[in-house]
Amino acid sequence: MGARWTPPLRFRLWLILVVAMATALRLFRLGTKSFWLDEATSVVLARVDRHIFVAALIHRQANMALYYVLLRGWIRLGSSEFVIRCLSVLAGVAAIPAIYLLGAWLFGPKAGRLAALLLCVHAFHIRYSQEARAYSLFMLLAIVSSLFLLRSLEQPSRKNWGGYIILSALMVYAQVFGGWMLLAEWLSVYLLRHRVRWKQFLVSVAMICLLISPLAGCLLFASDRSQLHWLTKPTLHDLYEFSLDMTGDGGPLLLLAYLALVLGGVGLAVSHLKSHSSEGVWKYWFLLIWLVLPVALVLAISLCWPAFEPRFLIFCLPPLVLLAADALTRVRSKVLFAAALTILLGLSLNGTYSYYRGRADAEHTDNWRDATRYILSQARAEDAVLFSYSEERLAFDEYQRQLQMAGYRIHEFPEETDLELLTLRPSRPSAELLNDIVAGYDRVWVITAFQPNAASRRVEAPLAANFSEHSERSFGFVRADLYKDRIPPPEKNSSK
């Protein structure tokens with residue numbers, strides 16, 4: 001099954017070159033965009049004191065716990081967008097040699113090199129290697145977990161099984177959707193049951209379950225389980241967009257190219273190996289189950305409880321890239337191989353270019369940095385700042401701290417602490433709070449990134465009815481509305 005092969009010097013130099021290119025692509029325009037809400041939440045979790053951090057993990061933020069722990073150390077290097085996101089860049093770049101090793105183990109060094117090259121220029125992977133969230137770390141751990149599983153099956157040892165146990169548990173702590181990866185791995189092992197040392201495997205499964213049980217306990221019994229409440233049932237268009245993401249956002253041509261390579265390559269390989277090697281066929285089952293099973297299960301669950309979001313399924317990207325790389329190695333003609341690889345890389349780079357162009361577009365981002373700077377520079381003493389979605393105050397407060405612009409002169413609503421914002425379900429302003437703000441303040445700022453919708457209109461209606469002047473300014477998807485010059489209430493006629 002495994003490829004016992006020591007790469008010569010020229011291949012090592014080639015891998016260094018690809019890693020350097022991957023690093024440059026993931027550092028490009030890294031600090032251009034402001035943190036969006038989820039990234040700001042990551043930064044707040046990294047800087048709050050230990051007691052608040054632990055409480056937040058237990059009651060609401062258990063997902064991505066490993067990333068938050070790592071970020072608490074990383075933030076000592078700096079809190080700018082560039083520095084904070086470099087942790088994700090590091091994990092994203094590490095995935096390049098990792099997928100190379102996995103590809104070389106499964107299909108040989110040529111497939112490993114091609115998989116590393118395809119992942120290097122993959123827009124979806126680049127995108128989440130530039131975000132201060134756990135997705136690139138999650139994908140890295142999924143690759144390494146699968147590599148250690150394969151090593152353990154072929155070369156059973158305490159070292160290999162121990163590595164598989166630890167890395168698999170860390171994968172789930174990086175993102176709870178790692179549980180789907182475990183199911184895919186274990187189902188694949190069942191298909192290879194005639195070669196499995198079941199005692200070692202079942203002990204490993206039990207140890208993984210034991211290690212992730214605290215996380216499961218937090219999610220099932222302590223958390224309010226509200227972090228996915230914003231999701232909706234996926235449509236056919238959502239599935240199409242997900243397919244484009246998984247194939248590098250290079251448009252329908254790149255999607256078709258990947259489909260042709262994967263279906264054609266798997267078909268040819270299985271038909272050739274079926275009569276020769278059941279273990280050779282199993283490698284393809286392993287990758288296909290890894291690619292398809294998590295997506296199918298999440299879609300099935302989403303029929304009742306929406307849970308489908310493309311970035312949560314980024315760990316399904318490696319098997320797609322590996323299958324495409326293996327199919328390319330089966331092209332015997334050097335001319336056809338060069339043409340196929342050129343087309344695949346060209347369309348992938350076009351997707352990457354489109355991603356960079358969107359990243360530079362300030363109108364298509366949550367620009368909390370400029371929104372916070374603007375409001376603090378324009379606010380007057382005793383102004384009220386109202387957040388129509390309570391959790392958005394985390395982004396505003398984080399940039400207020402980074403910009404070192406004193407907020408003593410404004411009053412923020414809802415009046416919640418970091419602990420409350422991180423542990424309680426996000427809320428909308430109540431009618432009572434809106435009435436108190438209308439009665440107590442002559443100028444009211446309303447900040448929202450979720451607009452316009454029914455909830456934001458309920459906030460705006462009483463303010464528009466009680467203030468004579470209204471102005472607004474947009475910072476990408478973040479909007480700042482100012483209501484001022486309160487309309488005095490009508491005088492009551494005195495009784496004669």
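Author: Helices (H or I, at least four residues) and strands (E, at least two) are DSSP runs, numbered from the N terminus, and by that rule P414 of this predicted model has its place in the loop between β2 (410–413) and α19 (418–423). The peptide bond that leads from F413 to P414 is cis.

Reader: What value of omega goes with the cis peptide bond from F413 to P414?

Author: Omega for that bond is near 5°.

Reader: What makes D249 and D485 stand out in their backbone angles?

Author: D249 has a positive phi of about 55° although it is not a glycine, and D485, again not a glycine, has a positive phi of about 60°. The setting of D249 is the loop between α12 (236–246) and α13 (252–273), whereas D485 lies in strand β5 (residues 478–486).

Reader: Why are D249 and D485 both called partly exposed?

Author: Buried means under 20% relative accessible area and exposed means over 50%, with partly exposed in between. D249 has a relative accessibility of 27%, so it counts as partly exposed, and D485, at 40%, falls in that middle class as well.

Reader: How do you know that L303 belongs to another class, and where is it?

Author: The relative accessible area of L303 is 59%, which is over 50%, and therefore L303 is exposed. L303 is placed in the loop between α14 and α15, and its C-alpha is 33 Å in space from that of I447, a residue 144 positions away in sequence.

Reader: What makes D38 and R311 a salt bridge?

Author: The side chains of D38 and R311 meet with a nitrogen-to-oxygen distance of 3.8 Å, and the criterion asks for a side-chain nitrogen of Lys or Arg within 4 Å of a carboxyl oxygen of Asp or Glu, so the pair qualifies. D38 lies in helix α2 (residues 37–47) and R311 in the loop between α14 and α15 (317–329), so this pair ties together parts that are 273 residues apart in sequence. R311 itself, at 9% relative accessibility, counts as buried because that value is under 20%.

Reader: Why are both R60 and E391 called buried, and what joins them?

Author: The relative accessible areas are 3% for R60 and 9% for E391, and each value is under 20%, so both residues are buried. They are joined by a salt bridge with closest N and O atoms 3.1 Å apart, and the pair links distant parts of the chain, namely the loop between α3 (50–59) and α4 (65–74) for R60 and the loop between β1 (383–387) and α18 for E391, 331 residues apart. A search of the whole structure finds 17 salt bridges.

Reader: Why are α6 and α16 called roughly parallel, and why are α1 and α5 called roughly antiparallel?

Author: Helix α6 (residues 109–120) packs against helix α16 (residues 334–359) at an angle of about 25°, with axes 11 Å apart, and since angles under 35 degrees count as roughly parallel, these two helices are therefore roughly parallel to each other. The axes of helix α1 (residues 9–27) and helix α5 (residues 81–107) come within 9 Å and cross at roughly 150°, which is over 145, and that makes α1 roughly antiparallel to α5. The crossing of α6 with α16 is right-handed, and α1 passes α5 in a right-handed crossing too.

Reader: Which residues make the nonpolar surface patch, and what makes W285 partly exposed?

Author: L187, Y190, L191, W198, L202 and W285 make this patch of about 590 Å². Helices α10 (178–191) and α11 (198–222) each supply at least two of its residues, with the largest share, three residues, coming from α10. W285 lies in helix α14 (residues 278–302), and its 48% relative accessibility falls between 20% and 50%, so W285 counts as partly exposed.

Methods: Residues are numbered from 1 along each chain as its sequence is written. This is a predicted model: local features need pLDDT of at least 70, side-chain atom pairs count only at pLDDT 80 or more; totals for chains, interfaces and linings use all residues. Side-chain values use heavy atoms; hydrogens and water are left out. Patches are made of residues with over 30% relative accessible area and no salt bridge: like charges are joined within 9 Å, nonpolar side chains (Val, Leu, Ile, Met, Phe, Trp, Tyr) within 5 Å. Accessible areas come from the Shrake-Rupley method with a 1.4 Å probe; for residues, only the protein chains shown count as cover. Buried means under 20% relative accessible area, exposed over 50%, partly exposed in between (1.4 Å probe, protein chains only). Axes are lines fitted to C-alpha atoms, for helices over the stretch in contact, and angles run from 0 to 180 degrees between N-to-C directions. Angles under 35 degrees count as roughly parallel, over 145 as roughly antiparallel, 65 to 115 as roughly perpendicular and the rest as oblique. A crossing is left-handed if the near helix is turned anticlockwise from the far one by less than a right angle, and right-handed if clockwise.
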